[in-house]
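Subject: Two-chain model, with notes

Hello,

Here is the structure I promised to pass on. Please open it first, then read the notes below.

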Amino acid sequence: MAVEITIPTALRAYTDKQAVVSVEAGTVDEALQALTTTHPGLAKHLRDSSGKLRSFVNVYLGDEDIRFLPEKANTALSGSESLIIVPSIAGGTR
Amino acid sequence: MSSLTPRDLRPGPTTLRVHRGALASIHDHARRGFPHEVVGILAGKRAGLEVSLAHALENERAGEDATRRFKVDALTVLKAEMALAAKGLEVVGYYHSHPDHPANYSDTDLAMALPDTSYVITAVHGHEDTGPTIVDTRSWRLAEDRAHMQHEPIELTTP
């Protein structure tokens with residue numbers, strides 16, 4: 001299935017300036033894996049050294065945060081959905 | 001881990017151009033919010049790294065926690081950025097304050113940083129006589145290996 005993934009502005013340097021990347025995938029996780037296979041420079045910014053999505057990386061399926069979906073990243077995609085990657089802003093002195 | 005380790009202040013390859021009014025807004029926000037950390041968006045033109053507007057956001061952390069950390073929900077940031085885009089403003093980066101701490105990035109700031117984005121940190125210190133006082137403001141930019149941030153000199157501009 002072709003799934004469209006919207007890339008935040010700060011990461012478009014790693015997708016040849018594309019705002020939306022189309023990948024073939026059957027689940028959310030497959031879509032994100034396909035994204036970093038096609039655009040390997042994205043991987044270190046999206047995932048930590050253990051391969052987990054970084055805490056500031058939020059992925060929405062429609063308007064639902066995938067962390068709150070029952071099957072999370074294993075949620076199946078029918079092909080008509082789009083994913084959006086949205087960074088949250090956090091930091092501080094400790 | 002201490003967040004107060006000295007940081008490398010050698011200038012990196014980029015310079016952030018900030019309109020005087022935008023910097024004044026950041027400083028006002030930091031003083032008003034003291035002793036809590038404040039946060040906002042640096043809006044302007046990504047090409048040339050020009051900041052013409054500082055857009056304040058609300059730190060969603062509360063109480064004691066807000067004196068040392070900040071967080072803004074992703075969708076809240078997205079909505080603010082869409083509203084700025086409608087006015088022709090791009091996101092150049094983000095600012096936040098470090099109450100009673102230096103304007104150096106912390107390990108948390110480094111872990112949470114996006115590439116290709118300027119992070120302005122303003123140090124605001126409590127002062128018995130004059131109240132919260134801005135002592136330093138610096139901009140930082142994530143290095144490609146994510147191992148550190150590079151100091152990005154700030155050039156003040158008059159629009």
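In which loop of chain B does B:P35 lie? B:P35 sits in the loop between α1 (20-33) and β2 (39-45) of chain B. Helices (H or I, at least four residues) and strands (E, at least two) are DSSP runs, numbered from the N terminus.

Some ground rules. This is a predicted model, in which local features need pLDDT of at least 70 and side-chain atom pairs count only at pLDDT 80 or more, while totals for chains, interfaces and linings use all residues. Residues are numbered from 1 along each chain as its sequence is written, chains are lettered from A and ligands numbered from 1 in the order in which they are written, and side-chain values use heavy atoms, with hydrogens and water left out.

**Where the chains meet**

22 residues of chain A are in contact with 31 residues of chain B. Contact means heavy atoms within 4.5 Å. The area buried between the two chains is about 2,400 Å², and carbon and sulfur atoms give 63% of that. Buried area is the accessible area (1.4 Å probe) that two parts lose on being put together, summed over both.

One salt bridge is counted between chain A and chain B. A:K44 and B:E144 form a salt bridge through their side chains (2.8 Å, N to O). The term means a side-chain nitrogen of Lys or Arg within 4 Å of a carboxyl oxygen of Asp or Glu. Nine residue pairs, both at pLDDT 80 or more, are in polar contact between the chains. A polar contact is a pair of N or O atoms within 3.5 Å; within protein, one must be able to donate a hydrogen and the other to accept it, and residues adjacent in sequence count only if both atoms are side-chain atoms.

On the chain A side, the elements that give two or more residues are α2 (43-46), β3 (57-61), β5 (82-87) and β6 (89-92). β6(A) gives the most, with four residues.

Strands count as paired if DSSP finds at least two bridges between them.

**Chain A**

Five strands form an open sheet in the order β2-β1-β5-β3-β4, with mixed pairing. β2 and β4 (64-65) of chain A are at the edges with a single partner strand each, so one side of each has no neighbour in the sheet. β1(A) and β5(A) pair in the parallel sense over three bridges. A:E4 stands opposite A:S82 in β5(A).

In helix α1 (residues 28-38) of chain A, the buried residues are A:V28, A:A31, A:L32, A:A34, A:L35 and A:T36. They pack against β1 (2-6), β2 (20-24), α2, β3 and β5 of chain A. Buried means under 20% relative accessible area, exposed over 50%, and partly exposed in between (1.4 Å probe, protein chains only).

**Chain B**

Seven bridges join β2(B) to β3(B), and the strands run antiparallel. B:V39 stands opposite B:L57 in β3(B). The hairpin of β2(B) and β3(B) has four residues between the strands, and B:G48 there takes a positive phi near 90°.

Two residues other than glycine have a positive phi to check. B:D100 has a phi of about 55° and lies in the loop between β5 (90-99) and α3 (107-111) of chain B. B:R146 has a phi near 60° and lies in the loop between β7 (133-142) and β8 (149-152) of chain B. B:D100 is partly exposed at 42% relative accessibility, whereas B:R146 is buried at 11%.

Now the salt bridges. Over all chains the count is 11. B:D116 pairs with B:R46, the closest N and O atoms being 3.1 Å apart. These two are 70 residues apart, in the loop between α3 and β6 (118-125) and the loop between β2 and β3 of chain B, respectively. B:R141 and B:E152 also form a salt bridge (3.5 Å, N to O). B:R141 is in β7(B) and B:E152 in β8(B), so the pair ties together parts 11 residues apart in sequence. Both B:R141 and B:E152 are buried. Salt bridges that share partners join B:R46, B:D116, B:R141 and B:E152 into one network.

Best wishes
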